[in-house]
Amino acid sequence: MPLFRSEEMTLCQLFLQSEAAYACVAELGELGLAQFRDLNPDVSAFQRKFVNEVRRCDEMERKLRYLEKEIKRDDIPILDTGENPEAPQPREMIDLEAAFEKLENELREVNQNSEALKKNFLELTELKHILRKTQTFFDERESLMETESMTRALIPEDVTSRQVVSPQNLGFVAGVILRERLPAFERMLWRACRGNVFLRQAEIDAALEDPVTGDQVYKSVFIIFFQGDQLKTRVKKICEGFRATLYPCPETPAERREMAIGVMTRIEDLNTVLGQTQDHRHRVLVAAAKNIKNWFVKVRKIKSIYHTLNLFNLDVTQKCLIAECWIPVTDMETIQMSLRRGTERSGSSVPPILNRMMTREVPPTYNRTNKFTAGFQNLVDAYGVATYREVNPASFTIVSFPFLFSMMFGDAGHGLLMTLFALWMVVKEKPLAAKKIQSEIWVICFAGRYIMLLMGLFSIYAGFIYNDVFSKGVNIFGSAYKVNLTDHELQHHHSGMLVPNEANNHYRQTPYPFGVDPIWMMAENKIPYLNAYKMKISIIFGVVHMGFGVILGIWNHRFFGRNMNILVEFVPQIIFLIFLFGYLCILMFIKWTKYYAGAEDQALTPGCAPSILITFIGMVLFKYDTVALDGCENYMYPGQETLQKVMIITAVLVVPILLFGKPILFKMEMNKAKNHATLHNHNGTAEGEDVEVAGVPQTENHEGGDEPHEFSDVMIHQAIHTIEYVLGSVSHTASYLRLWALSLAHSQLSEVLWLMVLRKGLMFQDWYGGVILYFIFAAWAALTVSILVLMEGLSAFLHTLRLHWVEFQSKFYAGAGYLFVPFSFENIMEVQPGEE
């Protein structure tokens, strides 16, 4: 099985000629099967051999991001052909640089010209509005002058010596200002000039485009009348402070008309030039949009190749690059073929050399996955990456995870909704993946679409087992019970107590073919019956799940050469688990099969069946009832008391074996190794020579990372492990009761939602009942999806995840490894161009 254990890895040394190194690394990037090690850890990034090439790639990426920004600014669609261009050769890198430089310069020049033209166009447009609006202001001025001349004629002779300001002597300035700055501008003029200026303003109705930002702004035309050079200087400074633009405005109407005609002519010419400039810019951007995706891919491949080459070492001749990399053993031949292809493409005559190295370093963990198994592998890796070559639980999680989830989410209707949503993502996975939606919730859902699909399918199965479809039972095969209820009881939705015995003739002695009989959905004792049923199967599946985890530890012990650990760890663990909680499950099966309704022997009727919980507690405490009920027996089978005592004593006795077995074996092996080393020293072996100890876990076994190598460390480690396992067996078994608890909560919430919401809408019988039912059904559907499918589904998912991480994987899974991260163009391209 590809997921049962991680791939066997080897550390290789790679010798490449300088002229062939680029092409060979490019081939390895397309293959994605080599993880390179940094052979220059003490050299800074700025002192490495190919740092200039990396900087050139950074500069090309900057230019591409600028082009992409301009393309998006004009709302031009970026064409995604779905192609995967090969990494360009080093000589092609110069052509790409020249092309990007030409595009950037051309686009910047066009933008500068366009900005200058837009600025000139804005000024002419503002001047046009000034000439048009100020005509009204000057007409008012002429009216004011006539009034002033009439006033002078009525002034007495004795006051002719007083100074009278004539409108003909007033100076003025005209300009435009942002509309939102006008009130503050007016107040400042009034205060700074002490009321000795006259301001008139009019709004420009049409919005104007800012040539720098491209935003639409609203402005107003103003004209300020004043007298004297001092006020003129003060007014201009205030206009400058408020960033108002002043324009020359002739005083006579003829001059204003002549200037307006010239302005309109220039605006028309500018419109023509601006249109041609925008057309040229649009053509340049459309051409760039067709290739920008491929350009990003090429530049990133070039950059990643040179970044990888910076991890290599140079030999003494400066003509050969030396690299070290982890590769899967099964892909050695494939990697060698790709290296030969790279050498041929570069035109080099010296073939590359790939040598396997001996090392005591723990290799990375590499599990081959596909789009179906990747989600389940991610669930396991989220807890901890598997130690190199230890048993990988992902292959078993494919079945156990959705199954345990379905036990808590057992509703065929809700499971169908989840299945349809997951099936939609699976069928449309290619177009959905191409959209590159960045929402975190969507990314998680899409990555786990196959997990959701299996969870939905298993939930449908569990829903039919529980006979629960949107909280209602389905009668497919006909009930095995016959309960006579009166019309009054049926009308008032009364239910009866189901008792499967011959006295009331409820049970027909033929069980329902598949799942729970639908009649139990109407029984008064429905909840006690389903509680007992779900609680027992939760314990049974929990013990089976934990026992399977303990058994998987055998494969780890045998693979890593720890055969003695099978005797001192696996055997005590499995005995302790089976003799206590496995026996508890056996008692459940005995009770189900031995005691039944309609039994001829009174002792075998359900009323005489002893309590499993009381029996188990009495077994642990060595307490047994000696007084039985009339016609009943205290024990389920002969010799039960003796067998239970033996099992309890055996389970207690294996705990010291689990605690002291491994440390004692470790001490014996250490003594044997010391004696062996002493004997070698007497026979002439160097005193400082390393001697391997059989009992000490060697690093070439690649197991577990840091292992204890002192007796005290082994003793402490084993004591912690023993306490954790013994106490954990009790708590973990009880932890599986969450399968029962969440299943009960889910079914009860679903039933409450039916009774309190949808059932209310079905009670209206007149014509308006359909309208009311429409809205009530919408509310019921929204609550079902949001609470029962989303919230309850997430809760069941998290509890299932905990059962796998803590209760199951803790029995055999160390999770102390690190991931194999190969140099792969595919992984690099997962980051969208321009999103860095």
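1. **Ground rules.** Please keep in mind that this is a predicted model, where local features need pLDDT of at least 70, side-chain atom pairs count only at pLDDT 80 or more, and totals for chains, interfaces and linings use all residues. Residues are numbered from 1 along each chain as its sequence is written, and side-chain values use heavy atoms, with hydrogens and water left out.

2. **Overall make-up.** The chain holds 22 helices and 11 strands; these are DSSP runs numbered from the N terminus, with helices being H or I of at least four residues and strands E of at least two. Of the 836 residues, 44% are buried (buried is under 20% relative accessible area, exposed over 50% and partly exposed in between, with a 1.4 Å probe and protein chains only). Take contacts (heavy atoms within 4.5 Å) between residues at least 6 apart in sequence: 82% of them join residues at least 24 apart. The accessible surface is about 45,300 Å², and carbon and sulfur atoms account for 59% of that; the areas come from the Shrake-Rupley method with a 1.4 Å probe, and for residues only the protein chains shown count as cover.

3. **The largest pocket.** A pocket is an open set of points on a 1 Å grid over the protein atoms alone, with protein on both sides within 12 Å along at least five of seven lines; a cavity is a set where a 1.4 Å probe fits but cannot get out, and lining residues have an atom within 4 Å of a point. Volume is the space filled by probe spheres set on the points, which are joined across faces, edges and corners. The largest pocket has a volume of about 2,000 Å³. Its lining has 49 residues, with Lys436, Glu826, Asn827, Met829 and Glu830 nearest the centre. H11 gives the largest share, five residues, and the helices that each supply at least two include H1 (18–31), H6 (253–309) and H22 (825–828). By class, the lining has 19 nonpolar, 16 polar and 14 charged residues (nonpolar: Ala, Val, Leu, Ile, Met, Phe, Trp, Tyr, Cys and Pro; charged: Asp, Glu, Lys and Arg; polar: the others, Gly among them).

4. Three cavities of 30 Å³ or more turn up in the whole structure. The largest cavity contains about 90 Å³ of space, and its lining includes Tyr466, Asp468, Met521 and Lys526. Helices H15 (526–559) and H20 (738–761) each supply at least two of the lining residues.

5. **Salt bridges.** The count is 31, taking a salt bridge as a side-chain nitrogen of Lys or Arg within 4 Å of a carboxyl oxygen of Asp or Glu. Glu569 pairs with Lys662, their closest N and O atoms 3.6 Å apart. Glu569 lies in helix H16 and Lys662 in helix H18, so this pair ties together parts 93 residues apart in sequence. Glu569 is buried at 10% relative accessibility, while Lys662 is partly exposed at 22%.

6. **Within one helix, and a network.** Glu641 and Lys645 also form a salt bridge, with closest N and O atoms 3.1 Å apart. They sit four residues apart in helix H18, about one helical turn. Elsewhere, Glu27, Glu86, Arg341 and Arg345 are linked in a network of salt bridges.
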